[in-house]
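Welcome! Please take a look at the sequence and the model first.

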Amino acid sequence: MALLSTAHSSLFFSSSSKTPNSATAIHHPKTHIPASFLSLPKTLKQSLTSHPLQFTSRFSSLLRRSSAASEESESDGVTDEWGEKPEPKSESPKAAAVDPPVNEDEWEEGYSAAAVGNGNTAPTKVDDATEALKRSLADTVYGTDLGFRAGSEVRAEVSELVSQLEAVNPTPAPVDAAPLLDGNWVLLYTSTSELLPLLAAGSTPLLKVKRIAQLINTSNNTIVNSTTLSSPFADFSFSATANFEVRSPSRIQVEFKEGTLQPPDVKTSIDLPDEIDLFGQKISLSPALQSLGPLQDSVATISRAISGQSPLKVPIPGSRTRSWLLTTYLDEDLRISRGDGGLFILAKEGSPLLNL
């Protein structure tokens with residue numbers, strides 16, 4: 001079409017000549033070629049000279065259509081170069097008529113729609129099939145060190161189970177369901193990269209992540225994230241306190257205020273394992289256990305000395321004090337949330353899922 005259009009405008013409708021018919025516009029290659037032919041592209045010249053009769057027929061038809069279209073356009077309005085009237089353009093809606101985006105996060109669109117779609121935001125009862133999915137999810141994440149040691153197959157299975165549970169979320173408006181949301185939630189699994197250094201430290205032979213939990217209180221809009229690390233000599237606990245604002249039935253905006261370092265909980269006795277796994281090698285600690293007897297009294301004395309110390313509170317500086325949390329599944333003992341750091345799967349304190 002572009003080829004025909006170019007020929008149409010430059011060869012047949014030159015402003016310096018009258019409109020010729022097909023018999024005079026194209027001649028045999030051995031006869032005289034009009035001067036306007038020289039301005040055509042090379043490929044078009046070759047086609048015209050190689051197949052003059054074929055192009056004569058085509059352009060004759062084109063000229064007849066264009067001539068008829070020109071006469072018709074005088075009475076019916078403007079037409080295009082092929083003699084056809086352009087289709088009427090539909091008017092695009094004005095910018096002011098387009099609804100602005102409501103949700104700030106890509107994950108929130110589906111869940112917010114589900115929360116208000118039928119006007120019923122009350123939690124529904126969890127059926128047996130959903131309970132089976134919950135147990136399967138808890139079994140899958142068990143032994144992964146909160147996700148740190150999860151391989152690609154485990155991560156894929158977790159993702160599939162999470163998607164199935166989110167599709168049957170019994171609480172469309174989790175933020176409004178205070179009796180379910182309030183309480184202490186223990187982390188079972190996470191995919192966030194921000195916890196990787198902590199989880200890596202907790203995978204060393206003599207230091208373990210004993211517990212990571214999140215305490216939610218909707219009465220004063222506060223969240224406390226706490227972590228406890230365990231060593232053979234003491235447990236170390238620290239936490240971060242945040243305030244939150246409700247942004248939607250499923251989303252809150254979180255701003256951390258301060259961190260708290262608890263005094264070490266020194267154990268009355270040194271709790272060393274019989275052996276440790278170091279770079280794939282089993283190392284026995286039996287000789288060390290025999291020599292630690294005289295240290296037991298010293299450990300007990302230190303424990304009594306620091307047990308009455310006050311926690312150390314420190315402000316949390318920097319620009320990463322703000323975050324968001326979107327709850328995509330919530331019932332009486334399981335919560336699935338997504339934040340700007342990744343996926344979080346938590347079980348409520350006392351849930352049977354913590355004992356699987």
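In which loop is Asp 145 found? Asp 145 sits in the loop between α6 (128-141) and α7 (152-167), where helices (H or I, at least four residues) and strands (E, at least two) are DSSP runs numbered from the N terminus. What you see is a predicted model, in which local features need pLDDT of at least 70 and side-chain atom pairs count only at pLDDT 80 or more, while totals for chains, interfaces and linings use all residues. Residues are numbered from 1 along each chain as its sequence is written, and side-chain values use heavy atoms, with hydrogens and water left out.

**The chain as a whole**

- The protein chain has eleven helices and twelve strands.
- Of its 356 residues, 36% count as buried (under 20% relative accessible area; exposed is over 50%, and partly exposed lies in between, with a 1.4 Å probe and protein chains only).
- Among contacts (heavy atoms within 4.5 Å) with a separation of 6 or more, 61% are between residues 24 or more positions apart.
- The accessible surface of the protein chain is about 21400 Å², and 55% of that belongs to carbon and sulfur atoms; these areas come from the Shrake-Rupley method with a 1.4 Å probe, and for residues only the protein chains shown count as cover.

- Strand β1 (residues 183-190) is mostly covered, with six of its eight residues buried.
- Strands pair if DSSP finds at least two bridges between them.
- β1 and β2 (residues 208-217) run antiparallel and are joined by four bridges; here Asn 184 has Leu 215 in β2 as its bridge partner.
- β1 also runs antiparallel to β12 (residues 342-348), with five bridges joining them, and Leu 187 stands opposite Leu 346 in β12.

**Nonpolar cores**

- A nonpolar core is a set of buried Ala, Val, Leu, Ile, Met, Phe, Trp, Tyr and Cys residues joined through side-chain atoms within 4.5 Å.
- The largest one has 23 residues, of which Leu 187, Ile 212, Ile 223, Ile 252 and Val 254 touch the most other members.
- Apart from that core lies another, of 19 residues, among them Val 126, Leu 161, Leu 188 and Leu 353.
- Leaving aside residues up to four places away in sequence, the residues that Ile 223 touches include Leu 215, Ala 240, Phe 244, Ile 252 and Val 254.
- In soluble globular proteins, nonpolar side chains tend to be buried together.

**Helix α6**

- The 14 residues of α6 should span 20 Å at 1.5 Å a residue, and its end C-alpha atoms are 20 Å apart, which agrees; the expected span is 1.5 Å times one less than the number of residues.
- Its buried residues are Thr 130, Leu 133, Lys 134, Leu 137, Ala 138, Thr 140 and Val 141.
- Seen down the axis of α6, these buried residues fall within an arc of 160 degrees, so they line one face of the helix; the arc is that of the directions from the helix axis to the C-beta atoms.
- On the other side of α6, Asp 128 and Ala 129 are exposed.
- The cover over the buried residues of α6 includes α7, β1, β10 (322-330), β11 (334-339) and β12.

**Positive phi angles**

- Just after α6, Gly 143 has a positive phi of about 80 degrees.
- Asp 145 is not a glycine, yet its phi is positive, at about 55 degrees; Asp 145 is partly exposed, with a relative accessible area of 38%.
- Asn 221, in the loop between β2 and β3 (222-230), is not a glycine either but has a positive phi of about 55 degrees.
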